[in-house]
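Visitor: I would like to learn how to read a few features of a protein model. Could we take them one at a time?

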Amino acid sequence: MVEVTASNVKFSAYRADPEGAPKGAVVVLQDVYGVNSDIRQIADGFAAAGYVAIAPSLFDKVKSDIELDAAATDEGKALTEEVGTDWSLEAIQATVDTVKDAGKVALVGYAWGGFLAYTAANKVKGLACAIGYHAEEGILDGMSEKRRIPTLMHFAEADPTIAEADMIQFRARRPDVSAFSYPGANRGFTYKANPAYDASAAEQAMERTLFWISQYVVGQGPVQLKNAGAYALAKTEKKGKKKSEANDMGPPMD
């Protein structure tokens, strides 16, 4: 663990380093359960892929050493409200600044962290790209704002907190976001210890996430077009090519 400071508040962060020179860095944002074994395991996976990975313990603003399980969801949600979004964004900025010497920085968030990743994409400096998993419904409030960096979102189609109609609306309003949905997958499908774990969906989502990070952290960044912003496309489809599989909600429709 390392120590980081934001607005005179000290908080810990789990850090995992790769073997050899890093390709860049990945900041992993917790869900409502804190920086628990699931989040640490995800960070370890990014380190194994060649990135400096760091997961800030945002709950430290209220109380340190908090690790919850699925039975404590309400407690975790109460903590997120107490921590708040504004300070969390300051903490994310401070965390990004601690690893920027490793190269370009990606942001990956889960549930509450997915909401924070989506929000931070337009507010935190020094990010190459952002990825959100089964984000909180709060992202719908800001879906009219154009993305400033390449942004990728993963939605679980069976997630009870976000209606299918809202996913479709989000996709329609934000063609600059690459959004994928996973049929039959429920909230928390990426966590191996979670009853909702879906190995197939988790593997497919991680492949897309690693490709996204490789593209914008390791490879060439998005082309900046005057008055058009940064277009974050997961792939380019040739004219006349068949549409991709049913669970692919993005990139923009033909």
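Visitor: Which residue forms a salt bridge with Arg40?

Guide: First, this is a predicted model, where local features need pLDDT of at least 70, side-chain atom pairs count only at pLDDT 80 or more, and totals for chains, interfaces and linings use all residues. Residues are numbered from 1 along each chain as its sequence is written, and side-chain values use heavy atoms, leaving out hydrogens and water. A salt bridge is a side-chain nitrogen of Lys or Arg within 4 Å of a carboxyl oxygen of Asp or Glu. Here the partner of Arg40 is Glu67, with the closest N and O atoms 2.9 Å apart. Arg40 lies in helix α1 (residues 37-48) and Glu67 in the loop between β4 (52-56) and α2 (73-83), so the pair ties together parts 27 residues apart in sequence. Helices (H or I, at least four residues) and strands (E, at least two) are DSSP runs, numbered from the N terminus.

Visitor: How many salt bridges does this rule count?

Guide: The count is 5. Another of them joins Arg174 and Asp176, at 2.7 Å from N to O.

Visitor: Is Arg174 buried or exposed?

Guide: Buried means under 20% relative accessible area, exposed over 50%, and partly exposed in between (1.4 Å probe, protein chains only). Arg174 is buried at 8%, and Asp176 is buried at 6%.

Visitor: Which residues touch the most other members of the largest nonpolar core?

Guide: In soluble globular proteins, nonpolar side chains tend to be buried together. A nonpolar core is a set of buried Ala, Val, Leu, Ile, Met, Phe, Trp, Tyr and Cys residues joined through side-chain atoms within 4.5 Å. The largest one here has 49 residues, and Ile92, Leu107 and Met153 touch the most other members. Helix α3 (residues 85-99) gives the largest share of this core, 7 residues. A second, separate core has 34 residues, including Ala202 and Trp212.

Visitor: What is Leu107 in contact with, beyond its neighbours within four places in sequence?

Guide: Contact means heavy atoms within 4.5 Å. Apart from those neighbours, the contacts of Leu107 include Val27, Leu29, Ile92 and Ala117.
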